[in-house]
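Dear colleague,

I am handing over the structure below, together with a short account of what turned up in it. Please read the notes with the coordinates open beside you.

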Amino acid sequence: MNRIDKPLRALAIDLPRADRSIETFRLSGPGNFPTRAKGKLSRIAFAAAHVVSDAKADNDPWLDCTIDWDKTIAFREHLWGLGLGVAEAMDTAQRGMGVDWPTSLELIRRSVAAAKACNGRVFSGCGTDQLEPKDAKSLDDVIRAYEEQVEATEAMGGRIVLMASRALARVARSPDDYAKVYDRILNGVREPVIIHWLGDMFDPALAGYWGSSDVDAAMDTAVAVINGHASKVDGLKISLLDKNKEIAMRRRLKQGVLMYTGDDFNYAELIAGDGKGHSHALLGIFDSIAPAACAALTALAANDTKTFHEILAPTIPLSRHIFKRPTRFYKTGVTFMAYLNGHQDHFTMVGGQESVRSTVHLADIFRLADKAGLLRDPEFAAARMRRVLAVRGIEP
């Protein structure tokens, strides 16, 4: 990976380590990544985008959801400029972890309008989160909740990511129950959707989705549903963090139904593919590594697989760290990266989620981001890292 030639030998920062010691860490130069895409990318690639909270709002962060709309939409424009699509109002946007359905609908409205203004690609998450799982008494309750969100999103001209439903996971008693609900929703959508299979490592409330705790049996049900409605399914985003399961399922999908990898551990090899196919991408980590993703996918489009892997290889340790267990807390690392790179003015999150990862965890994100060339202005990023350390009681 090329580095921008910048004199950084004197730039260092004191960072905490897991053994409670302090390390003097010397920074490298930023990667020579584009600020805008040049030409088409080799894969369809969505970044599941985070939201920027309004740090100036007088609210109760654990209870209230207040968004800085200007910064949130500006970040999406940054992603579109790099040739990526935006997967909107999904778990990366703290859906179900601080961001509710009314706020999500407003986010979708603004994002769809912004996408039209710049010819950007956006698919938006539709689920059942206005229905508390404990209040779901029947499959019809789940269907009505799905239909409400789908109709509202389609009325804005939005495309759909059909998200997994906590309420469905609670009330379903068999694979046939899942088939019934998805049959009803897929028959009613205007345009083909992306179906999202989110594993319980991301959301424990989704354990046993598709009617079985056995992944192979669950896959059988999902494949039957998808292939049975292939004309209404653009693709499947699978988030199980198991590359072999993804490859096996990819090979079972009907021709024309795309696989979107949601594997934030193994995305490089899944996107590169093999002689029998490849995955496209819908990834939370692309929020944080968008410039590198753009450069890598541009290289892949030129059949330069060597450069593709050279660019993405150092991003994988960063992604695996951000998505380490408890995986559902990955949004904190994604937002922290946006703060370090100046896409927002503060490290404050909806629901107070900036507090769910340790200071050492954040320091390791800084180290790994530097090694991957993803700190676009290392001096600026170091200054911001020092602010976070000071707030958390670690000062030179």
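Which residue forms a salt bridge with K243, and how far apart are the closest N and O atoms? In this predicted model, the partner of K243 is E269, with 3.2 Å between the closest N and O atoms. K243 belongs to helix α7 (residues 243–250) and E269 to helix α8 (residues 267–272), so the pair ties together parts that are 26 residues apart in sequence. K243 counts as partly exposed at 28% relative accessibility, and E269 likewise counts as partly exposed, at 40%.

A salt bridge between R76 and E88 brings their closest N and O atoms to 2.5 Å. Because R76 sits in helix α1 (residues 69–81) and E88 in strand β4 (residues 85–88), this pair ties together parts that are 12 residues apart in sequence. Both R76 and E88 are buried.

R190 and E154 also meet through their side chains in a salt bridge, at 3.7 Å from N to O; here R190 comes from the loop between α5 (175–188) and β7 (193–198), while E154 comes from helix α3 (residues 139–155), 36 residues apart. R190 counts as exposed, at 61% relative accessibility, whereas E154, at 9%, counts as buried.

Across the whole structure the search finds 19 salt bridges, and E23, D364 and R367 are linked in a network of such bridges.

As for the overall fold, the chain holds 15 helices and 10 strands. Its radius of gyration is 21 Å, close to the 21 Å that the globule rule gives for 396 residues, so the chain is as compact as a globular protein of that length. Buried residues make up 55% of the chain.

Conventions
Residues are numbered from 1 along each chain as its sequence is written. This is a predicted model: local features need pLDDT of at least 70, side-chain atom pairs count only at pLDDT 80 or more; totals for chains, interfaces and linings use all residues. Side-chain values use heavy atoms; hydrogens and water are left out. Helices (H or I, at least four residues) and strands (E, at least two) are DSSP runs, numbered from the N terminus. The radius of gyration is taken over C-alpha atoms; the globule rule is 2.2 Å times the number of residues to the power 0.38. Buried means under 20% relative accessible area, exposed over 50%, partly exposed in between (1.4 Å probe, protein chains only). A salt bridge is a side-chain nitrogen of Lys or Arg within 4 Å of a carboxyl oxygen of Asp or Glu.
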